[in-house]
Amino acid sequence: MNMKNTIVIEGLDGAGTTTQMNLIAKRLEDEGKKVFITHEPTDNPIGRMVRDVLQKKIKTTPEALALLFSSDRDDHLYNDEYGLMKKIEQGYYIITDRYKYSSVAYQGVECDIDYIKRINDRFPHPSHLVFVDTTPESCMARIEKRGSEKELFERLEFLKKVRENYLKQFSSLPHGVNYLYVNGEKTIEEVEEEIWTWLKKTIL
Ligand code: TYD
């Protein structure tokens, strides 16, 4: 079973997924829906450990990091107190900035991709999935402009491989996942409009 009323937004670092999540949340709220926005890695204890690796405060192996991401994901979905499954039951529309597709795309660069798929296989697909596609070059330019210390995966050659992994997995999604590809090189407003036009037709 796919996760009901759940929208996943994916894209490379700097693609603008967080901005789009917030804009779409506002649109849904304006329609009177209860909305819960979230992201992976989460801000919960396991997610914080992941961030320490991304910020190069902790060094570990690509496989250990892959397991941490999927462990954070399990907690994100199934935690008794704050898990998304509970929120869905309570009638929330969920929007998440990244989900298991990020693991296949990113961890698939340095680990065996079939292994990454296997450790994420148990997590259900969402009802809705958006891919905000940007070139790795423009992502790097946006990241440079931000000026802060670069995270682990914020490298041009790496992001090129991530993009390929994204495109490959999105070309064979299972039935029942509503998928939208958006050209993320367009303006923020254009991308928002495209996502909202599609959502209005498929989720309201
Ligand atoms: P994100 O929070 O979107 O980046 P930012 O630091 O700009 O807010 O994501 C953090 C990084 O984690 C990003 O490079 C993508 C990566 N990531 C994975 O490698 N695997 C995963 O499963 C997830 C959810 C994220």
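1. Pro41 sits in the loop between β2 (35-39) and α2 (45-54). Helices (H or I, at least four residues) and strands (E, at least two) are DSSP runs, numbered from the N terminus. A cis peptide bond, with omega about -5 degrees, joins Glu40 and Pro41.

2. This is a predicted model, in which local features need pLDDT of at least 70 and side-chain atom pairs count only at pLDDT 80 or more, while totals for chains, interfaces and linings use all residues. Residues are numbered from 1 along each chain as its sequence is written, and side-chain values use heavy atoms, with hydrogens and water left out.

3. Thr42 is also in the loop between β2 and α2. Thr42 counts as buried at 4% relative accessibility (buried means under 20% relative accessible area, exposed over 50%, partly exposed in between; 1.4 Å probe, protein chains only).

4. The side chain of Thr42 makes a polar contact of 2.5 Å with the side chain of Asp72, and reaches the backbone nitrogen of Asn44 at 3.1 Å. A polar contact is a pair of N or O atoms within 3.5 Å; within protein, one must be able to donate a hydrogen and the other to accept it, and residues adjacent in sequence count only if both atoms are side-chain atoms.

5. Leaving aside neighbours within four places in sequence, Thr42 is in contact (heavy atoms within 4.5 Å) with Gly47, Arg48, Arg51, Asp72 and His76.

6. Lys56, in the loop between α2 and α3 (62-78), is a non-glycine residue with a positive phi, near 65 degrees.

7. Arg98 has a positive phi near 85 degrees and is likewise not a glycine. Arg98 is placed in the loop between β3 (93-97) and α5 (100-110), and is buried at 14% relative accessible area.
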